[in-house]
Amino acid sequence: MPPVLQVKNLVTRFHTADGIVHAVNGVSFDVEHGETLAIVGESGSGKSVTMMSLLRLIPGSSVRIVSGEALFNNGSRTVDLLKLAPGEIRQVRGGQVGFIFQDPLSSLNPVLTIGQQISESILEHASLSEPQAKERTIELLAKVGIPDAANRFDSYPHQFSGGMRQRVMIAIAIACNPKLLIADEPTTALDVTIQAQIVDLVLRLQKELGMSVIWITHDLGVVAGLANRVLVMYAGRVAEQALVDDLYEQPRHPYTIGLLGALPRLDEIQSKRLVNIKGSPPDLRVEPRHCQFAFRCPYAFEQCWGEIPEQVSVGEAHVAACFYDVEKGEPRNGK
Amino acid sequence: MNNPVAALPQSKLEEAPPSRWQTFSRLFLRDKTGLFGLFLFGLVVFAAIFAPVLAPHDPLEQDLKVSRLPPAWMEKGNWDYPLGTDKNGRDLFSRVLYGSRVSLTVGFFGVLISGGIGLLVGLIAGYVRGKVDTVIMTVINVILALPYLLFVVVIAGVLGRSLLNVILIFGVTDSPIFARVTRGEVLRLRESGFVESAISIGASRWRILFDHILPNLIGPLLTVATFEMSAMIFYEAGLGFLGLSVPPQVPSWGNMLEAGRQYITIYPWISTLPGVAIVICSLGMNLMGDWLRDVLDPRLRRAKN
């Protein structure tokens with residue numbers, strides 16, 4: 001069975017008044033059926049832009065998807081999301097790919113009822129009558145854990161708490177049983193206890209519906225309890241991809257090592273200063289010609305400043321885009 | 001992951017939300033100034049609808065034997081003419097009652113026309129943006145930059161004095177206000193999170209425009225509409241005073257103000273009474289406008305709860 005989603009060499013740029021911003025510079029990854037892929041990286045690393053490029057959700061005329069393929073398998077056939085006609089991509093959005101946004105407070109229309117907003121998605125994609133859509137909506141509300149779902153159909157968003165609104169957003173996203181659910185930092189705006197509930201909910205729904213999930217976050221703690229595989233992004237490129245345990249136990253990219261080093265640990269008896277990664281992310285307006293992490297990398301050597309590292313296999317299902325072999329403590333290829 | 005948090009009591013969530021009518025009536029009764037505004041406006045509407053029943057005389061009927069009578073409670077007053085008479089002996093009370101018809105008609109249809117044009121133009125400008133927006137906004141700015149009164153005087157002079165012309169003039173000259181408010185709101189709304197999420201579930205442009213953006217415009221536009229309606233009633237009176245509104249024999253508050261102007265020191269009531277009517281009407285509308293905005297905007301409603 002082909003992967004649900006195969007992204008190949010995606011390049012997205014923004015043409016702004018300040019110059020061209022190289023937001024995504026050749027990102028490739030696969031999402032298998034039923035798996036949860038977490039995409040981590042700091043702000044501006046291109047996580048969200050990558051996902052929004054796939055569904056062509058970025059508004060405005062400044063965005064250019066320069067190259068790349070996004071092969072999406074909807075069970076019966078494979079289509080390239082980047083080449084679909086506007087009418088076809090609309091069928092994919094919400095129908096086969098659900099999207100949950102970061103901020104549930106602004107993602108719901110304040111003047112429409114919860115019920116209207118969920119049924120909208122159903123009516124757009126499924127050939128159901130309005131009473132049927134209402135029935136399905138109430139079912140969905142119950143499924144995402146809204147108590148007293150039938151009476152909540154006519155509630156307005158402001159009558160819901162942040163966590164409940166995010167549940168509603170999830171209900172909208174899964175309304176048409178999508179193959180793939182993209183969650184763009186869905187827990188960032190919520191407090192920690194609600195975060196845990198939302199993570200649990202998505203995992204449960206994933207099992208029930210057999211969806212694949214892409215979970216974008218910068219919270220490595222959430223990732224550990226959630227993902228099968230992790231993809232670490234830096235400056236619009238994939239730094240490292242690995243199964244979740246491998247990534248935490250044997251990080252192979254200096255950036256990942258830096259990220260993990262910056263996490264506070266509960267199991268250390270003596271508290272020590274958290275390590276930070278020196279420097280700041282590169283200016284994305286400069287076209288990348290070398291490893292973008294070289295500015296901050298403790299292992300950087302000549303080759304890092306000369307070319308862009310490709311992803312190399314460093315273990316089973318484990319790839320890193322780095323010229324330096326951290327394990328052996330020497331550059332790869334003996335150079 | 002077994003989550004203890006999920007077991008927290010959710011009693012508050014289980015209360016049935018108040019129905020729309022309950023919310024509406026509760027807000028209505030609580031806001032005393034809004035209630036007062038509605039009362040004043042209701043008074044004017046009542047007068048307009050039942051003018052033929054309430055008026056003791058035909059508003060056009062002249063009787064020079066009783067010209068310039070003071071209101072009934074004053075010396076030489078007469079309960080046949082409760083608020084007195086003007087120089088032609090027409091009953092002021094009846095004329096004030098009938099005057100409300102002119103004012104409300106101008107206000108209502110003026111707002112309907114300017115609101116309709118403004119909404120359409122504003123939606124296009126805000127949603128399409130680009131060159132279309134630039135052209136529309138330039139035209140709007142030109143209209144707004146014209147000296148308003150001069151503009152109205154010229155049009156009124158060219159078209160002649162009639163109720164329809166007054167409505168058309170207000171309908172056109174006031175539409176930039178609605179267009180601007182609409183455009184601004186659309187610009188804000190089209191970038192909002194819920195439009196983004198509507199796109200992400202595959203909604204079409206029309207669906208976004210009509211199902212998501214339009215309902216959000218009703219509150220702000222209705223508020224603008226009440227204030228503009230009150231302004232139009234004001235301006236109509238002003239035009240009447242300048243002799244540019246409806247023909248002089250038609251009982252309108254502006255015409256009555258004008259008719260009483262030359263007697264203001266000797267027979268002050270002839271001008272004062274229509275003036276009081278104008279104040280009642282526009283005060284009522286302004287208070288009601290504030291109240292409507294509160295009730296119609298769910299975000300503000302929440303803040304007040």
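In this predicted model, the helix α6(B) meets α7(B) through B:Y148, B:F151, B:V152, B:I155, B:A156 and B:L159, which face B:N165, B:I169 and B:T173 of α7(B). By type, the residues of this contact divide into seven nonpolar, two polar and no charged. Two packed helices are described by the angle between their axes and the distance between the axes. Here α6 of chain B spans residues 148-159 and α7 of chain B spans residues 163-190; their axes come within 10 Å and cross at roughly 145°. The crossing of α6(B) and α7(B) is right-handed.

Chain B has twelve helices and zero strands, so its elements read α-α-α-α-α-α-α-α-α-α-α-α from the N terminus on. Of the 305 residues in chain B, 39% are buried. Among the contacts in chain B with a separation of 6 or more, 69% are between residues 24 or more positions apart.

Chain A contains strands, and two of its sheets can be described in turn. One is an open sheet of four strands in the order β2-β1-β4-β5 (chain A), with antiparallel pairing. Its edge strands are β2 (19-31) and β5 (78-80) of chain A, each of which pairs on one side only. On average, neighbouring strands of this sheet are turned by 10° against each other, direction ignored. Within the sheet, β1 of chain A (residues 5-16) and β2(A) pair in the antiparallel sense over ten bridges. A:T16 stands opposite A:G19 in β2(A).

The other is an open sheet of eight strands with mixed pairing, in the order β6-β7-β8-β3-β9-β10-β12-β11 (chain A). At its edges stand β6 (97-100) and β11 (312-315) of chain A; each has a single partner strand, so one side of each is left without a neighbour in the sheet. The twist averages 20° from one strand to the next.

Strand β7(A) pairs with β8(A) in the parallel sense over five bridges, and the bridge partner of A:A183 in β8(A) is A:W215. Strand β3(A) is also joined to β8(A), running parallel, by five bridges; there A:I39 stands opposite A:I216 in β8(A). An antiparallel pair is formed by β9 (residues 229-234) and β10 (residues 237-243) of chain A, which six bridges join. In that pair, A:V232 has A:E240 in β10(A) as its bridge partner.

Where do the residues of β8(A) lie, buried or exposed? Six of the six residues of β8(A) are buried, which leaves the strand mostly covered. In a regular strand the side chains alternate between the two faces of the sheet. In β8(A), A:S212, A:I214 and A:I216 lie on one side and A:V213, A:W215 and A:T217 on the other; both faces are covered.

A helix packs on this sheet. Helix α1(A) touches β3 (36-40), β7 (180-184), β8 (212-217) and β9 of chain A, and its direction makes about 145° with that of β8(A). A:M51 is found in this helix, which covers residues 47-54 of chain A. Why does A:M51 count as buried? It has 20 C-beta neighbours inside 10 Å, and a residue is buried if 20 or more other C-beta atoms lie within 10 Å of its own. Leaving aside its neighbours within four places in sequence, A:M51 is in contact with A:I182, A:D184, A:I214 and A:I216. A:M51 and A:L108, 57 residues apart in sequence, are 20 Å apart in space, C-alpha to C-alpha.

A:I214 also has a place in the nonpolar core. In soluble globular proteins, nonpolar side chains tend to be buried together. The largest nonpolar core has 156 residues, and those with the most contacts inside it are A:A171 and A:I214. Helix α9 of chain B (residues 205-241) gives the most to this core, with twelve residues. Not counting residues up to four places away in sequence, A:A171 touches A:I118, A:L140, A:L141 and A:V144.

The two chains also meet at an interface, where 34 residues of chain A are in contact with 27 residues of chain B. On the side of chain A that touches chain B, α2 (86-92), α3 (114-125) and α7 (192-209) of chain A each supply at least two residues. The residues of that side divide into twelve nonpolar, 15 polar and seven charged.

Note on methods. Residues are numbered from 1 along each chain as its sequence is written. Chains are lettered from A and ligands numbered from 1 in the order in which they are written. This is a predicted model: local features need pLDDT of at least 70, side-chain atom pairs count only at pLDDT 80 or more; totals for chains, interfaces and linings use all residues. Two residues are in contact if their C-beta atoms, placed from the backbone, lie within 7 Å. Ala, Val, Leu, Ile, Met, Phe, Trp, Tyr, Cys and Pro count as nonpolar, Asp, Glu, Lys and Arg as charged, and the others, Gly among them, as polar. Axes are lines fitted to C-alpha atoms, for helices over the stretch in contact, and angles run from 0 to 180 degrees between N-to-C directions. A crossing is left-handed if the near helix is turned anticlockwise from the far one by less than a right angle, and right-handed if clockwise. A residue is buried if 20 or more other C-beta atoms lie within 10 Å of its own, exposed if 12 or fewer, and partly exposed in between; C-beta atoms are placed from the backbone. A nonpolar core is a set of buried Ala, Val, Leu, Ile, Met, Phe, Trp, Tyr and Cys residues joined through C-beta atoms within 7 Å. Two strands pair if DSSP finds at least two bridges between them.
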